[in-house]
Amino acid sequence: FCLILYQLNQVADLFAKGLKSDMIHAMALTDYLTGLYNRTAFAEHKKLFYNAMIEQQIPIGVIQFDVNNLKYMNDTFGHEKGDELIKLTAEGLKNSFQRFGRCYRMGGDEFLVVLTGNDPEADYRLGIQLLHSYCDEINQTNMSDFSFEVAHGFVLSKGQVLEDVIKEADGKMYHNKRILKHLL
């Protein structure tokens, strides 16, 4: 009987350690401010999923995002308001794109969405419409001179190296950012 209790206790300890390990792993992959996946999660998902999809020529949509006016917000209203803007962006990305793929906060005000559904291009079009509506809604309820905008760049990849696709999406995002700031 004592041996059975001892073995049950050992199993319970192993189970608890496994759960704790899983929790720590999940925390390591999640951005603390937004609840989105982080850069570490992206690296893991790239190895686990995206590289195989690329090898199999399965289309992947990549969208780079950058929050416009974050520096202005931080400098004018403080970093707490800047954090609120980052959280708003994350919420908009979750609501608009999470059903089509994975959303990542890559650092600062840079976000990445990887679309892995059957039709990433259609998912992008629908998701970006939802995001624009979300931004419009935020701007309508916002009583300040500040306009909430998120610049983006989309690239559809089929077999290209993911880093090259991300660079291309980044270039398109900066082009969109200049358009939104009326610098072109």
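Predicted model: local features only at pLDDT ≥ 70, side-chain atom pairs only at ≥ 80, totals over all residues.
Residues are numbered from 1 along each chain as its sequence is written, and side-chain values use heavy atoms, with hydrogens and water left out.

**The overall layout**

Switch to cartoon view and you'll find six helices and five strands, in the sequence order α-β-α-β-α-α-β-β-α-β-α. Helices (H or I, at least four residues) and strands (E, at least two) are DSSP runs, numbered from the N terminus. Of the 184 residues in the chain, 39% are buried; buried means under 20% relative accessible area, exposed over 50%, and partly exposed in between, with a 1.4 Å probe and protein chains only. Take the contacts between residues at least 6 apart in sequence: 67% of them join residues at least 24 apart. A contact here means heavy atoms within 4.5 Å.

**Stop one: strand β2**

Select residues 60-67. How many of the residues of β2 are buried? Eight of its eight, so the strand is mostly covered. Now show the side chains: Ile60, Val62, Gln64 and Asp66 point one way, while Gly61, Ile63, Phe65 and Val67 point the other way.

Strands count as paired if DSSP finds at least two bridges between them. With strand β5 (residues 150-157), β2 pairs in the antiparallel sense over eight bridges; pick Ile60 and you'll see Ser157 of β5 opposite. With β4, the pairing of β2 is also antiparallel, over six bridges, and Val62 sits opposite Val114.

Select residues 101-107 for strand β3. Five of its seven residues are buried, so β3 is largely enclosed by the rest of the structure.

Click on Tyr104. In β4, its bridge partner is Leu112, and Tyr104 also stands opposite Tyr37. Tyr37 takes you to strand β1 (residues 37-38), which runs parallel to β3 and is joined to it by two bridges.

**Stop three: two helix pairs**

Select helix α3 (residues 70-77) and helix α4 (residues 79-97). These pack at an angle of about 150°, with their axes 7 Å apart. Axes are lines fitted to C-alpha atoms, for helices over the stretch in contact, and angles run from 0 to 180 degrees between N-to-C directions. Show Leu70, Met73, Asn74 and Phe77 of α3, with His79, Lys81, Gly82, Leu85 and Ile86 of α4, to see the contact.

Finish with helix α2 (residues 39-55) and helix α6 (residues 162-180), whose axes lie 11 Å apart at an angle of about 105°. The two are therefore roughly perpendicular, a label covering 65 to 115 degrees (under 35 is roughly parallel, over 145 roughly antiparallel and the rest oblique). At the contact, Phe42, Lys46, Tyr50 and Ile54 in α2 meet Leu162, Glu163 and Ile166 in α6.
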